[in-house]
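Here is a quick tour of a model, written for someone who likes to know the cut-offs. Have the viewer open as you read.

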Amino acid sequence: MLDYDLHCHSSFSDGSLTPAEVVGRAAERGVKVLALTDHDELEGLDEARAAAARHGMRFINGVEISVSWRSHTLHIVGLDIDPSYQPLAEGLQKVRSGRGARAKKMADELAKAGIGGVLQGAYHHATNPNMIGRTHFARYLVEAGHCKDVKSVFNRYLVKGKPGYVPHKWADLKDAIDWIRGSGGIAVMAHPGRYMCGRGSMGKKTMRELLVEFVEFGGQALEVVTGSHTPEQYAEFARYAEEFGLQCSCGSDFHGPGESWRDMGKLPDLPLSCRPVWQLWEQDASSKVA
Ligand code: AMP
Ligand code: MN
Ligand code: MN
Ligand code: MN
């Protein structure tokens with residue numbers, strides 16, 4: 001079992017716990033090295049780092065950047081980033097700025113489908129209004145009794161082809177990697193298995209083309225063990241990592257109690273062929289990580 005958890009969310013994006021609560025839960029569940037990776041947002045890192053110090057846990061500054069690549073939305077995790085690096089902070093500010101207008105369109109689409117009052121309801125669930133997103137809509141729709149849980153809301157309303165799905169242009173892949181690398185961080189392709197399932201998803205050929213570009217632009221790791229992968233996918237993406245010379249990462253992608261694919265920590269070991277991503281900062285004696 002791994003005591004690293006390098007992907008999770010707080011209420012600064014679409015998690016339901018504060019950064020300090022996330023860290024406390026991780027500590028209780030045996031995590032020794034934690035990265036908080038809020039979507040397009042760095043504001044929770046200071047609180048998480050301070051809490052981690054109180055728990056004697058090693059903390060890695062992280063972020064998960066929303067990216068548009070061809071017709072796909074991808075998530076690129078940055079690990080060991082420097083939150084004070086201006087191009088990163090400014091780039092994320094721009095990525096966030098489109099969320100308000102998108103939320104309004106989502107609410108309009110849902111109203112056309114007969115569900116009103118969603119915008120206000122969703123904002124009520126967003127602690128950080130700049131980061132309004134689909135999860136906040138999902139929580140409101142559960143609260144209002146339209147579905148039994150967040151997952152069902154996504155399947156029924158919020159994914160490609162459903163009434164509340166609004167396409168959106170996020171950051172460019174190259175920009176996201178440049179911001180992460182420029183700040184001294186490591187660029188990780190998050191949950192690749194999720195890009196290969198569902199409507200409009202990519203096939204193996206496209207996944208290979210994506211990985212070629214990712215490596216060309218400076219991407220260094222692939223998330224192999226993540227809450228939304230099956231054990232078969234751990235093996236599959238360990239093979240891709242080997243083929244493309246990528247390090248391997250692991251994280252729960254925890255969003256909140258009772259809501260996520262899996263809880264924090266206690267992740268299964270990486271497949272044997274994997275070179276763990278933490279080698280990159282543990283080998284680096286001059287690493288900024290405290
Ligand atoms: P957004 O960035 O606003 O498009 O929201 C993306 C977030 O929605 C992801 O980070 C997940 O937290 C959540 N999400 C996406 N697809 C699903 C799904 N099928 N079930 C549950 N949550 C999902
Ligand atoms: Mn999320
Ligand atoms: Mn993600
Ligand atoms: Mn995530």
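What follows goes from the overall fold to the metal sites and then to a few individual residues.

## Ground rules

This is a predicted model, so local features need pLDDT of at least 70 and side-chain atom pairs count only at pLDDT 80 or more, while totals for chains, interfaces and linings use all residues. Residues are numbered from 1 along each chain as its sequence is written, chains are lettered from A and ligands numbered from 1 in the order in which they are written, and side-chain values use heavy atoms, with hydrogens and water left out.

## The overall fold

The protein chain has 11 helices and eight strands; helices (H or I, at least four residues) and strands (E, at least two) are DSSP runs, numbered from the N terminus. A compact globule of 290 residues would have a radius of gyration near 19 Å, and the 18 Å of the protein chain agrees with that. That radius is taken over C-alpha atoms, and the globule rule is 2.2 Å times the number of residues to the power 0.38. The C-alpha trace spans about 55 × 45 × 35 Å along its principal axes.

Of the 290 residues, 54% count as buried, where buried is under 20% relative accessible area, exposed is over 50% and partly exposed is in between (1.4 Å probe, protein chains only). Among contacts with a separation of 6 or more, 73% come from residues 24 or more positions apart; a contact means heavy atoms within 4.5 Å.

## The manganese sites

Which protein residues hold the manganese ion (ligand 3)? Its protein donors are Glu64 (OE), His75 (ND1) and His191 (NE2), lying 2.1 to 2.2 Å from the ion. Donors are N, O and S atoms within 2.8 Å of the metal (3.2 Å for Na, K and Ca), and sites may look incomplete because water is not among the atoms. Along the chain, the spacing for ligand 3 reads E-x10-H-x115-H. Glu64 sits in strand E3 (residues 58-69) and His75 in strand E4 (residues 72-79), so this pair ties together parts that are 11 residues apart in sequence. Both Glu64 and His75 are buried.

The manganese ion (ligand 4) has His7 (NE2), His9 (NE2), Glu64 (OE) and Asp253 (OD) as its protein donors, lying 2.1 to 2.2 Å away. Their spacing in sequence is H-x1-H-x54-E-x188-D. His9, in the loop between strand E1 (4-5) and helix H1 (19-28), pairs with Glu64 in strand E3, linking distant parts of the chain that are 55 residues apart. His9 is buried. As for the manganese ion (ligand 2), it is 5.5 Å from ligand 3 and 4.6 Å from ligand 4.

## Residues worth a click

His191 is found in the loop between strand E6 (186-189) and helix H9 (204-216). Its phi is positive, about 25°, although it is not a glycine, and it is buried with a relative accessible area of 2%.

Asp80, in the loop between E4 and helix H3 (86-97), also isn't a glycine but has a positive phi of about 60°. At 8% relative accessibility, Asp80 counts as buried. Asn61 in strand E3 touches Asp80; leaving out residues up to four places away in sequence, its other partners include Leu36, Leu45, Arg49 and Pro83. Asn61 is buried too, with a relative accessible area of 12%.
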